[in-house]
Amino acid sequence: MIANIQDNIAWVEDRIATACLRSGRRREDVKLVAVSKTHPPELVRVAYAAGLRDFGENRVQEATSKRQALTGLGATWHMLGHLQSNKVRIARDLFQWVHSVDSPRLAEKLAQVGDPALAPLPVLIEVNLAGETSKAGVRAGDVEALAEQIAPFATLKLRGLMVIPPYSENPEDVRPYFRQLRALASSIEARKIPNVSMRELSMGMSNDFAVAIEEGATIVRVGTAIFGGRT
Ligand SMILES: *Cc1c(COP(=O)(O)O)cnc(C)c1O
């Protein structure tokens, strides 16, 4: 298992490097978040030892127990899943990034539990580009309004957008969604809303991160290709 994870990371890094080369981008402009949900803390340690520093979880409860087993690890933690309002305070303590802001109410709660004396929490707006009712995220047409609502909160810093496109075996099927997210970010950036940056595009998972990088991803979230399948 340990050797597998090291090999898997090397494979993922190789694909990231190739995608960067193909699209004229620099490796340091793409952050690899290793999605450790469902996997035990020992595997996080293996990935950390192999050089990874950013880890993603999608449930507060699981992240809480995992983090207790990983105290002292100098990792950066990313919240990727839907955040319930009663979990906001604990999420704020556990995570250094939140990719899944999907309502003004959640943004307000996250802002309220923040300490104004500390650095603002980097957040992304999750966009539901395909309008799938089964998924969280705001519709493309509502992103600008939400960005304007987040902007005044001094304890949050809006850094960009996140998408989980409809699943397809063929990564080419999702390329249009990645393009759409990038175009949406550019159009909002052009509004020059104070305290709003659209620099970060969190897009691309195990099956399609290379295509996402070609389309401008600055953060890819890779689980299965690093840790293996989830049961
Ligand atoms: C689980 C998950 C991932 C990782 O998916 P893989 O296909 O295993 O790479 C990425 N992003 C989010 C939001 C997830 O929930």
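Student: Which side chain makes a polar contact with the side chain of Thr218?
Tutor: That of Glu200, at 2.7 Å. A polar contact is a pair of N or O atoms within 3.5 Å; within protein, one must be able to donate a hydrogen and the other to accept it, and residues adjacent in sequence count only through side-chain atoms on both sides. This is a predicted model: local features need pLDDT of at least 70 and side-chain atom pairs pLDDT 80 or more, while totals for chains, interfaces and linings use all residues. Residues are numbered from 1 along each chain as its sequence is written, and side-chain values use heavy atoms, without hydrogens or water.

Student: Where is Thr218 found?
Tutor: In the loop between helix 8 and strand 8. Helices (H or I, at least four residues) and strands (E, at least two) are DSSP runs numbered from the N terminus.

Student: Buried or exposed, what does Thr218 count as?
Tutor: Buried, at 8% relative accessibility. Buried is under 20% relative accessible area, exposed is over 50%, and partly exposed is in between (1.4 Å probe, protein chains only). Glu215 sits in that loop between helix 8 and strand 8 (219-222), and Glu215 is buried at 8% relative accessibility.

Student: New topic. Which residues are around the ligand?
Tutor: Val35, Lys37, Asn58, Leu80, Ile164, Met205, Ser206, Arg221, Val222, Gly223, Thr224 and Arg230.

Student: How much of the ligand's accessible area does the protein cover?
Tutor: The ligand has 390 Å² on its own, and the protein covers 90% of that.

Student: Back to side chains. What does Lys66 contact at 2.8 Å?
Tutor: The side chain of Glu57, through the side chain of Lys66. A polar side-chain atom of Lys66 is also 2.7 Å from the backbone oxygen of Ser36. Lys66 belongs to helix 3 (residues 60-68) and is buried, with a relative accessible area of 5%.

Student: How many aromatic pairs does the structure hold?
Tutor: There are 2. In one, the ring centres of Trp11 and Phe209 are 6.5 Å apart with the planes at 80°, so the pair is edge-to-face. Rings of Phe, Tyr and Trp (its six-membered ring) pair if their centres lie within 6.5 Å; planes under 30 degrees apart are stacked, over 60 edge-to-face, the rest tilted.

Student: What parts do Trp11 and Phe209 tie together?
Tutor: Trp11 is in helix 1 (residues 2-22) and Phe209 in helix 8 (residues 209-214), so the pair links parts that are 198 residues apart in sequence. Trp11 is partly exposed at 43% relative accessible area, whereas Phe209 is buried at 2%.

Student: And how far apart are the ring centres of Phe55 and Trp77?
Tutor: They are 5.6 Å apart, and the planes make 35°, so that pair is tilted. Phe55 is in strand 2 (residues 54-57) and Trp77 in strand 3 (residues 76-79), so this pair ties together parts 22 residues apart in sequence. Both Phe55 and Trp77 are buried.

Student: What sits over the ring of Phe209?
Tutor: The charged end of Arg15, 5.8 Å from the ring centre. The criterion is NZ of Lys or CZ of Arg within 6 Å of the ring centre and within 35 degrees of the ring normal. Arg53 likewise lies over the face of Tyr48, 3.6 Å from the ring centre.

Student: Last one: what is phi of Thr38?
Tutor: About 70°, positive although Thr38 is not a glycine. Thr38 is in the loop between strand 1 (31-35) and helix 2 (41-49), and is partly exposed at 44% relative accessibility. Lys192, another residue other than glycine, has a positive phi near 50°. Lys192 is in the loop between helix 7 (175-189) and strand 7 (196-202), and is exposed, with a relative accessible area of 69%.

Technical notes
A residue is near a molecule or strand if one of its heavy atoms lies within 4 Å of it. Accessible areas come from the Shrake-Rupley method with a 1.4 Å probe; for residues, only the protein chains shown count as cover.
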